[in-house]
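Dear colleague,

My findings follow after it.

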Amino acid sequence: MHLSVITSLTGLALLGCILELLRRHQLREKYAALWLAVGSAVVPLGLFPQMLDSLARGLGIMSGASLVLFAGIVLLLLVCLHLSWESSRLEEETRTLAEEIALIRAALDEQNRPAAVAAARRAEGGAG
Amino acid sequence: MTPGPDAGADTGRRRVLVIVPAWNEAEGLAAVLAELRAAVPAADVLVVDDGSTDRTAQTARAAGALVARLPYNLGVGGAMRTGYRYALDQGYDAAVQVDADGQHDPGYVPALLAALETADLVVGARFAGVGDYRVRGPRRWSMRLLSLVLSGMAGTRLTDSTSGFRACNRDMIAFFARWYPAEYLGDTVESMVGALRRGYQVRQVAVAMRPRTTGAPSQSPARALVYLARTALVLLLALTRRVPAPQRAEAAARVPEPAEAAGVAR
């Protein structure tokens, strides 16, 4: 029964981490739902690893452990894909913000242009 | 407050913005800006400082150009969309893109602008008989592949789709202000494919490119092969990705302006 001690402790630790992060407002709600579902699936499986054996055999998989590994890898791949998508979106958003900032700076420069040109000329003269 | 779009409209001439994307180009920039002033004195020049760490912005300002400073490096695509947004907001009639490294001869700008009469996007092309730019091996195959696909789409010869020397009319400015890819080759190949897929007229004008005054081109067979693979991938993505609907300048601009009278340009 050593196996179920390790798996159940891992499952409980994972659920604890998720709940603590949620409590501190460090996880956005959209991720919270996903991780809560993962946590609530992992804990009972950790306590009773043999739980999935019959389901696995029904699907033609030899043991419950193989089914859990397979499902886990698929889940991780999907999470990775989701993160790539999120970071692409964030990059596009920060790009737009950067462009807006550049345009706002240009408009500000335009307002006090004579002073800016004079300052630039002075700086150029000092550098050269 | 700002020199509104009507500032030059009453003269009956089209207002032209030259956009110069610049990343650490303080060395060559002053010469390029001086040449631009001589070639197209009536045009406004906007230098988009793409997160430079040198004196690019100061150099541009001292030369009398407008300057938009990006807070960090976005690549040519990001710099160009910034430029097109400025052109759209200020109601320019045409925009020209010129590199800051001295590769593009500002003397050709009037020729590009003249070609806008029959096209929405005009590209200054190196291989169309002017100048002596030669390439071999995989790099040449990349060029051939691009020119084959793009010429087929455009219905006219486009031999140099990676050229960053271009001119746009109002509708094209409105389109690029909204959508301008910032990824590898996005500013040249993908943006052109997008314009073609949305039915804009693209044509080329032969130009001679000069050796860059700063920086060095990369020339090794292995690199050229990688370049070929990346080109093919970019082309594939560009042909399949979604592209926003075409924009009309009248709908997109903040201050609408009557369309340019037919007789004025002659």
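Of the 266 residues that make up chain B, 50% count as buried. Please bear in mind that this is a predicted model. The secondary structure of chain B amounts to ten helices and seven strands. As for contacts within chain B between residues at least 6 apart in sequence, 78% of them link residues at least 24 apart.

Strands of chain B

Strand 3 of chain B, residues 66-70, is largely enclosed by the rest of the structure, because five of its five residues are buried. Strand 2 of chain B (residues 44-50) runs parallel to strand 3 of chain B, and five bridges join the two. Within this pairing, Val47(B) is found opposite Val67(B) of strand 3 of chain B.

With strand 1 of chain B it pairs in the parallel sense, over four bridges. Its pairing with strand 6 of chain B (residues 166-169) is antiparallel, and four bridges join these strands as well. Ala95(B) takes part in both pairings: Leu17(B) stands opposite Ala95(B), and the bridge partner of Ala95(B) in strand 6 of chain B is Cys168(B).

Helix 2 of chain B

Helix 2 of chain B comprises 14 residues, 26-39, and at 1.5 Å a residue it should span 20 Å; the C-alpha atoms at its ends are 20 Å apart, which agrees. Which residues of this helix are buried? They are Ala26(B), Leu29(B), Val32(B), Leu33(B) and Leu36(B). Viewed down the helix axis, the buried residues fall within an arc of 105°, so they line one face of helix 2 of chain B. The elements covering these buried residues include strand 1 (16-22), strand 2 and helix 3 of chain B.

Contact between the chains

The contact between the chains involves 18 residues from chain A and 21 residues from chain B. On the side of chain A that touches chain B, helix 4 (64-111) and helix 5 (113-127) of chain A each supply at least two residues. Helix 4 of chain A provides the largest share of that side, namely eleven residues. By residue class, the side of chain A that touches chain B divides into eleven nonpolar, seven charged and no polar residues.

A loop residue of chain A

Leu59(A) is located in the loop between helix 3 (53-58) and helix 4 of chain A. Is Leu59(A) buried or exposed? It counts as exposed, because it has 10 C-beta neighbours inside 10 Å, and the cut-off for an exposed residue is 12 or fewer. A distance of 69 Å separates the C-alpha atom of Leu59(A) from that of Glu110(A), and the two residues are 51 apart along the chain.

With kind regards

Conventions
Residues numbered from 1 in each chain as written. Chains lettered and ligands numbered in written order. Predicted model: local features only at pLDDT ≥ 70, side-chain atom pairs only at ≥ 80, totals over all residues. Contact = placed C-beta atoms within 7 Å. Nonpolar A, V, L, I, M, F, W, Y, C, P; charged D, E, K, R; others polar. Buried ≥ 20, exposed ≤ 12 C-beta atoms within 10 Å, placed from the backbone. Pairing = 2+ DSSP bridges. Expected span 1.5 Å × (residues − 1). Arc of directions from axis to C-beta.
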